[in-house]
Amino acid sequence: MIDETIAEIREMQTHSSSVVAVKATRALSDLLERDHATVEEFERDLERNASALKRANPSHASLFNAMQTVLVNVVDRKDTVEEAKSLLDEVVERVVEDVQQGKSRAARNAAPTFEDGETFLMHDFSSTVLEAVEQAATDGTYLTAYVTEARPRYLGRKTARRLAGIDRVEPHLVVDSASGTFLDDCDRVVVGMDCIVEDTLYNRVGTFPIVATANYLDVPVTVVGSAAKIVDDGFVFENEHRSPAEVSLEPIEDVVIENPAYDATPVDLLDEVITDNGVENL
């Protein structure tokens with residue numbers, strides 16, 4: 001099961017990091033069915049597989065944090081194999097619940113920050129931001145959203161469709177290069193996050209130029225996401241370079257096509273980060 005999960009995670013480039021973290025954490029339950037002569041053998045097996053799962057998708061901080069949390073709470077905690085396996089079973093369920101509920105708690109914390117009549121700009125697709133917008137609208141808040149296409153995969157179109165289905169929200173879909181044209185009409189930028197590592201926000205490529213332009217125009221920037229995506233140390237973000245076919249279906253002679261999935265934004269360009277732990281003003 002774990003080997004199959006590792007292979008699946010390597011292919012899960014379009015899934016949210018929380019989905020990846022949950023899948024990897026649940027895969028560790030496979031160790032409960034294996035025979036281990038000693039608790040030390042069981043813990044070595046756990047450490048080896050947790051490390052392999054982390055390496056399967058090194059751009060996801062929530063995956064890294066989930067594996068670290070399991071190891072910290074299981075290794076060197078029990079004296080027998082049976083006790084250690086029982087503890088692993090409990091920790092896996094707890095970590096899965098924390099990851100799944102973290103997004104919703106972050107959305108609940110973000111929803112009250114939307115003001116009636118507010119105009120904001122979104123980039124890419126963030127289920128957490130969308131949940132916050134939907135909650136705000138349900139509470140009676142009228143909003144206008146400018147949504148970038150998020151080329152080359154155009155995930156912004158998916159965002160715009162979701163927003164169009166929410167009462168009290170008026171969505172506008174704009175090409176990425178036009179974001180600066182509409183930022184002056186916006187009260188703030190609201191984006192999700194892949195992760196925050198120390199003083200850097202890593203998010204879908206295109207985030208950095210939008211945030212930098214917003215900073216120049218004095219438009220506040222809010223980042224919303226689970227606290228599981230914030231890492232202080234021990235994690236090195238590795239960017240994904242996606243297929244050139246997403247940019248051009250046919251190769252262009254003597255042209256190297258660059259298609260990074262994420263870019264890096266200095267945290268000091270952000271105004272607030274909202275997680276399941278609350279609102280942090282920067």
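From which domains does the lining of the second largest pocket draw at least three residues each? The lining draws at least three residues from each of domain 1 (1-105) and domain 2 (107-281), with domain bounds that come from an automatic or database domain assignment. This is a predicted model, in which local features need pLDDT of at least 70 and side-chain atom pairs count only at pLDDT 80 or more, while totals for chains, interfaces and linings use all residues. Residues are numbered from 1 along each chain as its sequence is written, and side-chain values use heavy atoms, with hydrogens and water left out.

**Second largest pocket**

- About 250 Å³ of space lies in this pocket, a pocket being an open set of points on a 1 Å grid over the protein atoms alone, where a 1.4 Å probe fits, with protein on both sides within 12 Å along at least five of seven lines; the volume is the space filled by probe spheres set on the points, which are joined across faces, edges and corners.
- Of its 16 lining residues, the closest to the centre are Asn65, Thr69, Asp98, Ala227 and Ala228, where lining means having an atom within 4 Å of a point.
- Helices α4 (61-74) and α5 (81-110) each supply at least two lining residues, and α5 gives the largest share, 6 residues; helices are DSSP runs (H or I, at least four residues) and strands likewise (E, at least two), numbered from the N terminus.

**Helix α7**

- In α7 (residues 155-164), Leu155, Gly156, Thr159, Ala160 and Leu163 are buried, meaning under 20% relative accessible area with a 1.4 Å probe and protein chains only.
- These buried residues line one face of α7, because they fall within an arc of 145° seen down its axis, the arc being that of the directions from the helix axis to the C-beta atoms.
- Arg161 and Ala164, on the face turned away from the buried side, are exposed, that is, over 50%.
- The buried residues of α7 pack against β1 (118-122), α6 (127-138), β2 (143-148) and β3 (169-174), with contact meaning heavy atoms within 4.5 Å.
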